[in-house]
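Work through the exercises below with the model open beside you. Try each task before you read its solution.

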Amino acid sequence: MRDIDHQDRGGLLAPLKNLSFFARQPITEPLGPRPASANYRGFHLNDWDLCIGCSTCQKVCDNAAITMVRVPGLPEDPAKGIRNLRPAIDYGRCCWCALCVDLCPTGSIALSREYVHTCLDSELDSYFILPDARGIHGTPYPKGWAKSTDADLVALERQPMTEQAPADRIDNFSEIVAGYDANQALIEASRCVQCGMCHDACPTHMHAPEYIRAIWNGDPEGAVREIYRTNPFAHTCGRVCTHRCETACSVGHRGAPIAIRWLKRYAMDAVDHERVKQIAAEGRADFISGKRVAIVGAGPAGLTAAFDLVRQGHDVTVLEAQAQGGGMVRYGIPDYRMPADRLDRDLDVITSLGVKIRYNTRVGVDLTMERLQAEYDAVVLGVGLWMGRSTRVPGSDQAGVKRAVDLLRAVAAGESIEVPQSAVIIGGGNVAMDIARTLARLQQQRYGEVRIILTALEDLDHFLADADEIREAREEGVQILAARGPQEILLREGQVAGLRTWGVRSIFDQGGRFAPNYDPADEQIHPGDLVVEAIGQAADVALLGEALTEALQWHRGRLQVDGQGRTNLEWLWAAGDTVRGPDVVSAVADGHRVADSIHAYLSVQEHAP
Amino acid sequence: MIEGHQGSYDRIKSKTSLKEVLEVACSFEASARDFYRDLAPKVSKNIRWLAEDLAAEEQCHYDLLRGLADHPDIVEQIAVEVHTPANNTRFSDAIHLPDLGPRPDDQAVLQYAMGREHIAMEHYQSLAEGTEPGPIRDMFVYLANEETKHKAELEKLYYETVHSGGV
Amino acid sequence: MRPENYEAQSQPPSYDYELNIGPNHPGIEGNYAFKLRLNGDRVIAGRADAGYLHRGFEKLMEGRLWIQNLAITPRICVPDPVPMEVSYCLAVEDLCGLVVPERAQWLRVLQLELSRIAAHLFIFGGHAATTGMYTPMFWGIADRDLILDLFEEMTGGRVYHIYNIPGGVRRDLPDGFGERVTHTLDYLESRLPDYDNLLFTNQVFVQRARGCGPISQQQALEWGVTGPNLRATGLKFDVRRDDPYLVYDQLEFDIPTEEPGDAWARALVRRRELKESIRIIRQVVARLPELAGPIRCPIPNPLAWNVPAGSTYTRVESSKGELAWYVVSDGGERPYRTHVRGPSQMHAVQVLEQLAIGCRIEDVAQIMFSLDACPPEVDR
């Protein structure tokens, strides 16, 4: 093109060039709004079925334009991580940056292609909206800027956890999980959006967002402090908890949930044990109340109550039938999942505060409940579920048929057991996996070979054991046969030779209740020198004695307690597996409730003169 | 006293009218109810609820059969039930109708109760097979179905109680 | 309004008087005030009065997370918001050691150059209007609108794109976008002869603009003048060439210069730059289909992101001059201090005051517009 010459004065006819404009179309913008682009950032849309009310959009909004509003009638399920909150937008503040869309864990919030809103002064409130899928005016506009892989800012992937390979772990009981190093913990902790769903879902409402944040800040001591606000069994829960928190995690709706359990493990391991004891002692009462509490059972429920009560200034004595404390955590969960030395640390923190534990003391045998009632101001029963159930099929009363809980207890107590060359396990829960994998290791050590068959009534989709347990058990050589029902223990020359099973056609009836339906034509024989039953557990309440059993109220076989764990007898509380079913963290929560109730009771026991 | 044994079987087999059949069935339920009622104080308090619940269940069955016996149009009532096939492939852990012993636990009581229902169901079924088609045969089929339903309920309770999942 | 400007002073009778231009005045670019002291038609002194558009962005940014500041950065300069976004992201990337993928760098250049064209079209109109010619203003705004349409498609927003994120950009191009860009560029190129006829070779404009507000090269360097204003004094300095960033070192383009640094020279430099920007964009559009790959590198969860401690100064060439961010991090999740090195701060204050002295009143507006001094960027 020609250069621009300012001295060019043009020619006489130069203005005639303008006549060409008559032939051109004028640039005219239409009066009505035209369709916006496909990625346009217009007014908000929110799919209320996908939205979980986590408030992450509110947190990232740079103009504080989002307020979370409670909408009654919407689903609310802390266990699944769903709240009945929905974001409301103030368009006087919103700048349509779409960071809320990019950071939404579920992808429910989006910006539409609608961009026109007008109102009179009297209608200024219309700038503050509670968006749903219908949009600001209820007219359907397509989505503009919505969740996309390009712009997604949610950290969906979890830091992998290193585990020992099957070949390395099959002949020993060393802990399988390696734990996070400091860098992994930092990265994993940074994924958290601090929504608090984990806190709501946890039975004991651990301050997980706070300890995750502390780990991210490089402050494991701060994390331990937050942990001890609700859980003195953190080494334990950091390894074996049923992690309701992770089930409820917002990020887990589309990605992998934050590894809240492994982060707890990391924090507890990262701080020196003596320092943990100091932190656990912070805030304890500096006086002695003069009240005495007896706790039957040194398991998580009993010892959590003991931890709370001793910190509140009471004198606590725990009576434990076994030689060591920990309850099912020590005597039920094998070392490769829950190393005993870490449990010992949890227990050491509790005893270091002054809780007295009398081991090898069985209530009902060495001393009675009546004596406890007389000598103590309050008594807590935390006796767990130590009686293994039996199928009672023919042959189940033989010596070669054992209950899983009995065997696990023996192994944990260091007793020598007769290791079978082949074994059949009945049951599909975590206890069945525990005994199967324990026996597998003992077999490997003794015979160099694993021969374990595990049968369960459930089909694989409904196995009660954790998916990780099933996977790891298979890797270790346990043969898992699903949907089989035990019929008879087979004997040969008076010795156990195996198990006969029938196939299970279905396990739930139309109403969804557990009612297995067998097929007698589908029969199998499973050979084994030992049959172990891991079908269920019951509480051994014989220690109560007949008089006390009659005096107490029961509900469908379990001790009846109120919301605070108190029985109908003024001086007696019950907590943990016995009343609530098997779960460590629920037992911890129970322990806290019972301790609060006892403390309130003991605090008003003074009588006016 | 165990209701399922041969004596009572013979007793009912000899009846020919629907009303008479129902009367005998009622007395079976009544004796079962009394059995559980007597059992209740003998078991530990923590499982007493089972015996009490079972007694109450038997009372309900008794009331149902009593109502049918007193109702003038039982023929039509029975005809409806006859078309429901009896599904009999569920078995609990080896029903052997154990002797309850001096201090039964919840598993023993439930197994015993299921055994009773099972035997009663078998008896009604074989009675039905040995009877000419007609209202009496329909009555036996109906009773067999009722016992099957009772047993199914107990099965569920048994599994929930005993097979508590293994944690 | 500063009170000290309005103190009554007793003075001997004179022909001097004060005239306040702004903050709302067609002769002022943006919200800005310029207090003139005149003798008849001639300006004796001028005092720039900034602050009407002070929104406190630099302080606001200290209170927001690094990611949240992305929404603030484009609002600092309204006509040419993209260099703000890109420069801030370059600063954070420098502090974090983030490596921006290649495709993202080319996308950023596309966005930057489109923004430059839009800004220049905007200022053509503004400059012309100060000489009494309003048609180029309408043309400029209308043609700029086509570029805003492209931005709307590319980024989801017409003026404030919020398209850049530390590590890259937020969205890839829609299908067929390259064709639409080419189509718009073809149209703009076909319009340039019209602009030349109406404005750049129009004696009405030429004679007004020549000799108005001249800056010598020496003065430019002393006063911190950058951008087209500097190049209009004959000095060939452009950050894209002399301190390359993104992929400018792989692109072919000329750096136009002019003399003698008056309003006419400045307008001409911008006119030529617009042509060069079209040239750059054509190269980008041709190259982009060959570049596969991610459009951003992974960053931590924005709600838990500590930028390592340190400070950095990252500059880009905006349509108005050297635009840079000075960002200081103390290792936390919010900036410790951010400062915008905006070209208009020099142009609109010191330079304007100097150039106004001795000029006629009708040229004051032209001087400001010919400097392309952008008050939002001065005030922040």
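**Exercise 1.** What radius of gyration does chain C have, and what would a compact globule with 380 residues have?

Solution. This is a predicted model, in which local features need pLDDT of at least 70, side-chain atom pairs count only at pLDDT 80 or more, and totals for chains, interfaces and linings use all residues. Residues are numbered from 1 along each chain as its sequence is written, while chains are lettered from A and ligands numbered from 1 in the order in which they are written.

Step 1: take the rule. The radius of gyration is taken over C-alpha atoms, and the globule rule is 2.2 Å times the number of residues to the power 0.38.
Step 2: apply the rule. For 380 residues a compact globule would come out near 21 Å.
Step 3: compare. Chain C has 21 Å, so the two agree.
Step 4: check the box. Along the principal axes, the C-alpha atoms of chain C fill roughly 70 × 50 × 35 Å.

**Exercise 2.** What percentage of the 380 residues in chain C is buried?

Solution. Step 1: define the classes. A residue is buried if 20 or more other C-beta atoms, placed from the backbone, lie within 10 Å of its own, exposed if 12 or fewer, and partly exposed in between.
Step 1: read the share. Buried residues make up 54% of chain C.

**Exercise 3.** Is Glu52(B) buried or partly exposed?

Solution. Step 1: locate Glu52(B). It sits in helix α3 (residues 45–70) of chain B. Helices (H or I, at least four residues) and strands (E, at least two) are DSSP runs, numbered from the N terminus.
Step 1: count. Glu52(B) has 15 C-beta neighbours inside 10 Å, so it counts as partly exposed.

**Exercise 4.** What is the strand order in the open sheet of 3 strands in chain A?

Solution. Step 1: find the pairs. Two strands pair if DSSP finds at least two bridges between them.
Step 1: write the order. It is β2-β3-β5, with antiparallel pairing.
Step 2: β2 (66–70) and β5 (128–129) of chain A each pair on one side only.
Step 3: look inside one pair. Strand β3 (residues 85–90) of chain A is joined to β5(A) by 2 bridges. Ile89(A) stands opposite Ile129(A) in β5(A).

**Exercise 5.** How many residues do chain A and chain B each give to their contact?

Solution. Step 1: set the cut-off. Two residues are in contact if their C-beta atoms, placed from the backbone, lie within 7 Å.
Step 1: count. Chain A gives 32 residues and chain B gives 25 residues.
Step 2: find the largest share. β17(A) supplies it, with 5 residues of the side of chain A that touches chain B.
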